[in-house]
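Let us read a structure together, one feature at a time. Ask as you go.

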Amino acid sequence: MLLTFKNNRLSKLIFLSILALGLAGCVSTNAQDEQVINSTIEKYESCRADAQMMETSAQQTASTAQYLASARAMDNCVSYAREQRISHLNHQDIMQMMAISTFNYIKGGDVISAEKMIVKFKQQFPRKDLYFANHTSFLDTATALIKANELSIFELNSLNISSVVKSEIERKNYWLTH
């Protein structure tokens, strides 16, 4: 059965009412989505702030246990951002957090977790790297620190790492073999 309206004004009024209700539903959904996004970002920012405080404490005390705790906290923040698919976050910030977490795993002696963090970094940010103030590579430096015993002198020379790190690795390898 087809409804027909004899009064053209009445049909316009009904149409506009339905349209207004539909648009109101869209606005409230967008507002709810924005509220969820803001809440998720706030949780991430809080997680990051806590992890950074832990990292600062680890630096001050030079405690391996605190380095590991801060590395895990940062790893959890990065995982939370990935799970929530927070696209509004600054990728540079996440990359830096992953790099700090990697080095904190190394400082804490957990080389396996550091390697896993490098794999996550490469998966999440393919063909990307971070560079220190001296223009050396985060990925190359972390690889050199983790695989120092496995790298030949030629492989070590091909990595974009600081001369200090390179000479320390060479010194360590020399004393281990002589």
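Q: What does Met98 touch, not counting residues up to four places away in sequence?
A: Contact means heavy atoms within 4.5 Å. By that rule Met98 touches Val78, Met117, Lys120, Phe121, Gln124 and Phe125, leaving aside residues up to four places away in sequence.

Q: What kind of model is this, and how are its residues numbered?
A: This is a predicted model: local features need pLDDT of at least 70, side-chain atom pairs count only at pLDDT 80 or more, and totals for chains, interfaces and linings use all residues. Residues are numbered from 1 along each chain as its sequence is written, and side-chain values use heavy atoms, with hydrogens and water left out.

Q: How many helices and strands are in the chain?
A: Helices (H or I, at least four residues) and strands (E, at least two) are DSSP runs, numbered from the N terminus. This chain has seven helices and zero strands. From the N terminus on, its elements run α-α-α-α-α-α-α.

Q: Which residues touch the most other members of the largest nonpolar core?
A: A nonpolar core is a set of buried Ala, Val, Leu, Ile, Met, Phe, Trp, Tyr and Cys residues joined through side-chain atoms within 4.5 Å. Here the largest has 29 residues, and Tyr44, Ile94, Met98, Phe121 and Phe138 touch the most other members. At least two residues of this core come from each of helix H1 (8-61), helix H2 (64-83), helix H3 (91-108), helix H4 (111-124) and helix H5 (138-146). H2 gives the most, with eight residues. Another core lies apart from this one; its eight residues include Ala144, Leu151, Leu156 and Leu159.

Q: Is Ser101 buried or exposed?
A: Buried means under 20% relative accessible area, exposed over 50%, and partly exposed in between (1.4 Å probe, protein chains only). Ser101 lies in helix H3. Its relative accessibility is 0%, so Ser101 counts as buried. Ser101 touches Ala71, Met74, Asp75 and Met117, not counting residues up to four places away in sequence. Over the chain of 178 residues, 31% count as buried.

Q: How does Ile153 count at 42% relative accessibility, and in which helix is Ile153 found?
A: Ile153 counts as partly exposed, because its relative accessibility is 42%. Ile153 is found in helix H6 (residues 153-158).

Q: At what angle do the axes of H4 and H5 cross?
A: Axes are lines fitted to C-alpha atoms, for helices over the stretch in contact, and angles run from 0 to 180 degrees between N-to-C directions. The axes of H4 and H5 come within 11 Å and cross at roughly 155°. Angles under 35 degrees count as roughly parallel, over 145 as roughly antiparallel, 65 to 115 as roughly perpendicular and the rest as oblique. H4 and H5 are therefore roughly antiparallel to each other.

Q: Which residues of H4 and H5 meet?
A: Val111, Ala114, Glu115, Ile118, Phe121 and Lys122 in H4 meet Phe138, Leu139, Ala142, Thr143 and Ile146 in H5.

Q: At what angle do H2 and H4 pack?
A: H2 and H4 pack at about 30°, with their axes 12 Å apart. That makes H2 roughly parallel to H4. Asp75, Val78, Ser79 and Arg82 of H2 make the contact with Met117, Lys120 and Gln124 of H4.
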